[in-house]
There are 2 protein chains.
Amino acid sequence: MTQPVEFYFDFASPYGYFASLEVDELVAAFGREVAWKPIMIGSAFKASGNLPLVSQPMKGEYSRHDWERVARLMGAPYRLPDPFPVPALPPSRAYWWLEGRDKDLARSYARAVYLAYFAENMDISSPEVACALGVPLGIDPDEMAAAIQSPQWKGRLKEETEAAIAKGVFGSPFFLVDGEGFWGADRLWMVGAWLEKGGW
Amino acid sequence: MTQPVEFYFDFASPYGYFASLEVDELVAAFGREVAWKPIMIGSAFKASGNLPLVSQPMKGEYSRHDWERVARLMGAPYRLPDPFPVPALPPSRAYWWLEGRDKDLARSYARAVYLAYFAENMDISSPEVACALGVPLGIDPDEMAAAIQSPQWKGRLKEETEAAIAKGVFGSPFFLVDGEGFWGADRLWMVGAWLEKGGW
């Protein structure tokens with residue numbers, strides 16, 4: 001049995017958001033599944049010496065412009081949130097808590113988090129917002145609030161982030177297809193090519 | 001009359017090399033021409049705070065691997081040169097000297113330089129190599145050697161690099177289509193989409 005394609009992302013990453021809108025359909029076309037893996041990309045930046053795009057001269061300005069035009073081309077709802085970026089700890093912990101119970105529910109929650117941040121400018125670094133976003137999905141906000149504060153799910157997010165870095169993940173989004181890494185929403189076409197050809 | 005699509009690159013840039021193999025055909029399909037513009041991307045890195053990819057932890061290792069697989073997928077001759085990267089001052093100055101005389105000849109010379117570095121592992125930071133590469137194209141090596149050392153063409157390369165940075169160019173390759181910037185060989189498809197739609 002084949003392993004799922006791993007989709008690593010940070011909830012505060014615009015390119016991660018754009019990739020989240022396309023990755024499942026692209027991968028399903030090749031009969032494979034996707035494992036969504038939110039991580040704290042800031043930790044990977046520390047390991048790789050990277051900085052958030054908006055903190056970089058020239059590249060920051062380019063990226064702001066690029067996010068707008070990518071969204072227009074995709075027809076995706078988007079506005080640059082303010083503040084941006086934020087540490088998305090609460091929904092990331094909540095995701096891993098949910099994922100252990102119901103993978104589909106966790107994915108629906110992840111989509112809601114991305115939309116809240118990049119379409120609705122909600123502060124996803126707030127535990128209250130993270131919990132509110134689960135309510136329409138039938139998730140008890142008190143249970144989620146407890147999970148967000150629990151050492152177990154704090155630890156799980158940290159472990160997932162460290163495991164990703166150990167596998168070479170240094171940006172968001174990052175895809176692993178049978179161990180082969182692809183960095184960037186720009187490279188989804190290559191993920192598809194790799195799946196189609198079985199590598200080259 | 002429309003302006004040519006500007007193609008900025010550094011002769012020591014693998015992604016610039018890959019883009020050089022595709023950009024003319026892609027742009028010609030939309031009835032437009034390409035202006036090739038070699039620059040010293042190290043100067044842009046100083047302005048933008050970037051580092052060469054191979055100097056970056058994790059991203060450097062990823063890039064080395066990516067160049068190999070991109071080349072295989074394209075069927076392009078490629079090996080990572082040693083040493084890499086090098087400051088490609090001699091062929092870059094020679095290009096601008098040639099470009100003032102014969103744009104087609106300058107482009108043929110640029111292709112020869114890229115192949116020499118990325119297929120044949122020749123040291124393109126050497127003035128002797130830069131001059132030798134012009135000989136099969138009928139370019140007098142003594143004239144080229146003089147141009148490489150002249151303040152005029154040293155100055156021209158510097159001006160072109162500074163003008164590029166002033167336009168927001170921070171990486172190689174970088175494309176400008178009627179003022180709209182696109183960074184990376186990955187984004188050639190978007191250059192095509194922009195030309196096709198006239199922007200969006």
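This is a predicted model: local features need pLDDT of at least 70, side-chain atom pairs count only at pLDDT 80 or more; totals for chains, interfaces and linings use all residues.
Strands β1 and β2 of chain B belong to an open sheet of 4 strands, whose order is β2-β1-β3-β4 and whose pairing is mixed. The edge strands of chain B are β2, at residues 34-38, and β4, at residues 180-183, and each of these pairs on one side only. From one strand to the next, the twist averages 20 degrees.

Strands of a sheet pair through backbone hydrogen bonds, and they may do so in a parallel or an antiparallel way. In chain B, strand β3 (residues 174-177) is joined to β4(B) by 4 bridges, and these two strands run antiparallel. Within this pair, Phe174(B) stands opposite Trp183(B), which is in β4(B).

## A helix from the other chain

Chain A also reaches this sheet, for helix α4 of chain A (residues 59-74) lies across β3 and β4 of chain B, running at about 100 degrees to β4(B).

## How the two copies are related

Chain B is superposed on chain A by a rotation of 180 degrees with 0.0 Å of shift along its axis, and the RMSD is 0.0 Å. The two copies are therefore related as by a two-fold rotation axis. In chain B, the C-alpha nearest this axis belongs to Asp186(B) and is 3.2 Å from the axis.

Of the interface residues of chain B, 100% are also interface residues in chain A, so the copies meet through the same surface.

Note on methods: Residues are numbered from 1 along each chain as its sequence is written. Chains are lettered from A and ligands numbered from 1 in the order in which they are written. Side-chain values use heavy atoms; hydrogens and water are left out. Two strands pair if DSSP finds at least two bridges between them. Axes are lines fitted to C-alpha atoms, for helices over the stretch in contact, and angles run from 0 to 180 degrees between N-to-C directions. Contact means heavy atoms within 4.5 Å. Copies are superposed by least squares on the C-alpha atoms of residues with pLDDT of at least 70 in both.
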